[in-house]
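Visitor: Please take a close look at the aromatic rings in this model. Which rings pair, and where do they sit?

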Amino acid sequence: MNKMISKKSAPKQKRLIVNADDFGMTRGISRGIIEAHVHGIVTSTSLMVTEPSSLYAAELAKAHPDLSVGLHGVLRHPAAMTAHMGQEFINSLEIQLATFIQIMGKQPTHFDTHAVPAPTPVSAFAAIAFAKKHKLPFRGTQKNIHRFYGMKGTVPLPGNISIEALSKTLRVLPYGDNLLICHPGRTSARLKDPYRLQRIAEIHTLTSPAIHSL
């Protein structure tokens with residue numbers, strides 16, 4: 001007779017979610033994310049339904065059912081926020097969720113935020129309250145790996161997103177749930193995307209055979 005293994009006696013495991021942000025921002029970024037999923041280690045993405053290419057991204061996602069797709073809630077707010085503004089953001093997120101369900105035909109697998117400018121205590125509280133209401137896993141509670149980003153301010157940091165840097169990071173993952181946030185994509189120079197070259201470099205790293213072999 002097989003015995004149930006209790007949580008206390010169960011062996012510790014390392015789990016990694018590789019989530020690509022900005023799905024739906026442009027067609028090129030969306031295609032780059034799919035490329036990093038099909039040929040690389042991206043397992044999850046977050047869809048921005050407020051962007052012009054969100055419908056295109058939704059169709060790409062439907063053609064790749066193994067890719068988890070969450071809602072990348074867009075929060076645009078002033079530097080100072082009141083509690084009333086927080087409720088307004090929750091109302092905006094309700095609309096974004098309804099749009100997600102309409103174009104994807106299902107609930108998002110998770111929820112995270114794209115805050116402009118940086119999150120404030122009020123906007124963070126609003127986002128957490130929204131996630132709890134809809135029972136959506138809120139990305140941000142895992143052990144986030146923040147080092148995989150190729151820019152600080154306006155200064156490029158290509159070493160942060162190199163194959164060598166990611167290999168080193170993945171070899172020393174802590175036990176439990178880990179979240180690697182990435183920003184792969186392909187955009188043209190005319191779009192004036194400040195992270196354009198880094199997005200392409202991320203695709204190269206995320207699809208590298210050296211990363212697959214870890």
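Guide: Start with Phe111, which is buried in this predicted model: its relative accessible area is 0%. A search of the whole structure gives three aromatic pairs. In one of them, the ring centres of Phe111 and Phe138 are 5.7 Å apart and the planes meet at 35°. That angle makes the pair tilted, because planes under 30 degrees apart count as stacked and those over 60 as edge-to-face. Phe111 belongs to strand β4, residues 111–116, while Phe138 is in the loop between α4 (121–133) and β5 (143–145). The pair therefore ties together parts that are 27 residues apart in sequence.

Tyr149 comes from the loop between β5 and β6 (151–152), and Tyr195 from the loop between β8 (176–182) and α6 (196–206). The two are 46 residues apart, and the pair links distant parts of the chain. Tyr195 is buried at 3% relative accessibility, whereas Tyr149, at 31%, is partly exposed.

Back at the phenylalanines, ring pairs join Phe111, Phe138 and Phe130 into a cluster.

A further ring has a charge over it: Lys14 lies over the face of Tyr175, 5.2 Å from the ring centre.

Terms used. Residues numbered from 1 in each chain as written. Predicted model: local features only at pLDDT ≥ 70, side-chain atom pairs only at ≥ 80, totals over all residues. Heavy atoms only, no water. Phe/Tyr/Trp six-rings, centres within 6.5 Å; stacked < 30°, edge-to-face > 60°. Helix = DSSP H or I, 4+ residues; strand = E, 2+ residues; numbered from the N terminus. Buried < 20%, exposed > 50% of the residue type's maximum accessible area, 1.4 Å probe, protein only. Lys NZ or Arg CZ within 6 Å of the ring centre and 35° of its normal.
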